Amino acid sequence: MADKSVVEGGESVKVPISPSIPSGNDNVWVDVSFLLRLACDDLRNDELICGGNFDLFAAMSALEIMDPKMDSGIVSTYYSVDEAIDNGAAPVPLSFDRKTDIQRVIDIMDHLLACEATWHKGGSLAQTVFSCIYLVKPDRMSTHALLHSFCRVVRMTCNALLSAVSDARANEEEDLFIMAYGLPLKVDGDEKCLSILHAVEETVSRQLKACKAPLSRKRVVEDVEPLQTNFELEEGFCKAVLCRLRFLHFYHVLTCMRRHQGKGLELAKKHIQSCVAELDSMLKSEEFLRHACASGALEGGIEDNTTASGCQPIGFDSTLNSRSATPTPPRAINLLSWKKAVNYFQKLLHDLEIVCSYSFDPVLEDVLRLVVDFQKFQPDLVSRAYIQLLLVQDGKLYGRESMFAVVCKAALLPEGAKSHDVQNNETIAQLGQLLIRLLELAFRKDFGDITSTSVDQNACLKISKHILIWVEEQTYWIALRFLILGFELELYSTNEYCMVYWYIYVILIKLAEKTHHKMMLSNDSGRRKSKKKRDFVKDLGKDYQVPSAVLLLQCYIYVAEGLMMMLASLRNENRILCLGPFNSEQERFMQLFELLQKACLPDHAPYFTFRETISNARFSTLSMYNCFKDAQKIAKELRGNFANDPDRLAELRRIEQVTEHNSVALNLICQLGTLEPSLKISFEFIHHPHFAVAAVKRS
């Protein structure tokens, strides 16, 4: 039996080749069972093998096969909508029994809610909301005021959402959300649907009041017809229908949030609170509907049903638009259950309420913090789109401040700079567009070519210098955010923490340098204006106090350095954090930081610099210089500086906890020695989302 060398992840592995398997001139069949066993032993859940010619993008593309969102298979029931109608899939009337009729209407409402939530989560519009025949053929139920008005508002809501996500460009490249497939999102008469819905809502409300009235006060109201024939069930059905109708005020939330300069946010909050209350009422109606419709409920788990009653809704077929849904042959997709759909809308309304509650002050630092804080709620596509639409309107921040004015304020330029002719320069105009898209990386290399038509060339150069320093500072902020986002998304494995903290460490150093430089320029400009030249020269001799923002960055630098050196020492002395057989360390370095390396952020930070930095790390040297103690000292000193900033105070407390626990762990490791076989060291994120804490235990 011959051997074949197989290169995997930079390592050569001898794999036996079975002589019984024939091979041609251009290919060799190799038994890879050995490699697969190694992969099973080395990989944890959700991890992928990455190689030089098979990166993360290629791996994710490969996984699209059999993904119901990207590869929808081939299942088809009807050739066309008309054929489905001819086969009785959408009967008119819904039922000849009035009790059954209202039950079916509620089931259609619930199933449409599940369809809409599934569409929001990535399903196609054609296979979710517009799988409803009554929605595709709006005139079919024109005589049924309740269902007809409901379907019209649902269609208008879908149109508003699709428009918002499309305008915000918040969807991913492969996202199906903004694809309309030529479906009837706009139908003549839809603009009147809200008034029709209001009339239907008033009718049901009057019937509910009649149900609640004492028997002695009951009167027959000729113009209010009961929803069904069983008087004992009438109140429950009225409540169930009413809360579902009132939840459609979600459409008002969407329209109010699109008003210019956030003028409709207060009204949107009121509608949000109303919608949340109606969702609670819908959940409360579940028990009644299950009892009232027990005879028609499906067998199986309650959690999988797409209706509160547990009954199968009529008038739906997910393969209805199969020939227009996707370029691949369609497969019936799995819808969210009704309960999961309600939970989704509760979360969506919570996120939208947070957006409406922000104080939209056009200060760039606050805006960036707002975006970062909002991401912590893990918002879905719709809420992300609406916050983007509020942030940038007509090329201005919140529709009020021009991007140049925002840059001037962020770069600490004097007030007069806003009206300077430098803002008409093409590069400055491009900066505004780059700021809108948060792509300042592309700006730095072109800034040196700036020219000005202004007579005051000196003033132009000063403004340009301020803006250039600010752009560099923002670039490193973005790079830092890019790195720490990997912890939030759980993209890093433990054996990669060392190189990640090294990269964070070098980025933080550059960020602190740029931030300090910007503040010094601003302070110098202020002193020059307020003091005579002689006094200004004297003032330069005084000790310069480091700004609190820079000290906080220095605190982060010490924490990142301490973690980097601790992890490097563990690997150098004990090989606790060793790599697997599939990728070399250099390959992993490039896979993690390829974008930053291409952008030269920072300059001269290749893999070999990282290796040189950590090669001599030992616990004997770490014990003499404890970075965690330095970080802890700065954090305690900064408490008074951020007394009026609760978020910063909370962050300082988290940093103190990280540094305290890591100092103790470092001392313990140095005392016990890393060669002790019973010593187990792990890293946990129990105090801070980005800075780990070492846990030292005996097995």
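Predicted model: local features only at pLDDT ≥ 70, side-chain atom pairs only at ≥ 80, totals over all residues.
Biologist: Which element supplies the largest share of the lining of the largest cavity?

Modeller: That's H4, with 5 residues. Helices here are DSSP runs of H or I with at least four residues (strands are E, at least two), numbered from the N terminus. Residues are numbered from 1 along each chain as its sequence is written, and side-chain values use heavy atoms, with hydrogens and water left out.

Biologist: What makes something a cavity and something else a pocket?

Modeller: Both come from a 1 Å grid over the protein atoms alone: in a cavity a 1.4 Å probe fits but cannot get out, while a pocket is an open set with protein on both sides within 12 Å along at least five of seven lines. Lining residues have an atom within 4 Å of a point. A volume is the space filled by probe spheres set on the points, which are joined across faces, edges and corners.

Biologist: How does the lining of the largest cavity divide by class?

Modeller: Into 11 nonpolar, 1 polar and 3 charged residues. Nonpolar covers Ala, Val, Leu, Ile, Met, Phe, Trp, Tyr, Cys and Pro, charged covers Asp, Glu, Lys and Arg, and the others, Gly among them, are polar.

Biologist: And how much space lies in the second largest pocket?

Modeller: About 500 Å³. Of its 21 lining residues, His144, Leu146, Glu225, Pro226 and Leu227 are closest to the centre. H7 gives the largest share of that lining, 5 residues. The classes there are 12 nonpolar, 5 polar and 4 charged.

Biologist: Why are H9 and H12 called roughly parallel?

Modeller: Helix H9 (residues 250-257) and helix H12 (residues 338-357) pack at about 30°, axes 12 Å apart. Angles under 35 degrees count as roughly parallel (over 145 is roughly antiparallel, 65 to 115 roughly perpendicular, the rest oblique). Therefore H9 and H12 are roughly parallel. The axes are lines fitted to C-alpha atoms, for helices over the stretch in contact, and angles run from 0 to 180 degrees between N-to-C directions.

Biologist: How do you know which way H9 and H12 cross?

Modeller: A crossing is left-handed if the near helix is turned anticlockwise from the far one by less than a right angle, and right-handed if clockwise. The H9 and H12 crossing is left-handed. Phe250, Val253 and Met257 of H9 make the contact (heavy atoms within 4.5 Å) with Phe345, Leu348, Leu349, Leu352, Val355 and Cys356 of H12. Those residues are 9 nonpolar, no polar and no charged.

Biologist: What about H4 and H8: at what angle do they pack?

Modeller: Helix H4 (residues 98-120) and helix H8 (residues 231-246) pack at about 30° too, with axes 11 Å apart. That makes H4 roughly parallel to H8, and their crossing is left-handed.

Biologist: What makes Gln378 stand out?

Modeller: Gln378 has a positive phi of about 50° although it is not a glycine. Most residues other than glycine have a negative phi. Gln378 is found in the loop between helix H13 (364-375) and helix H14 (381-391).
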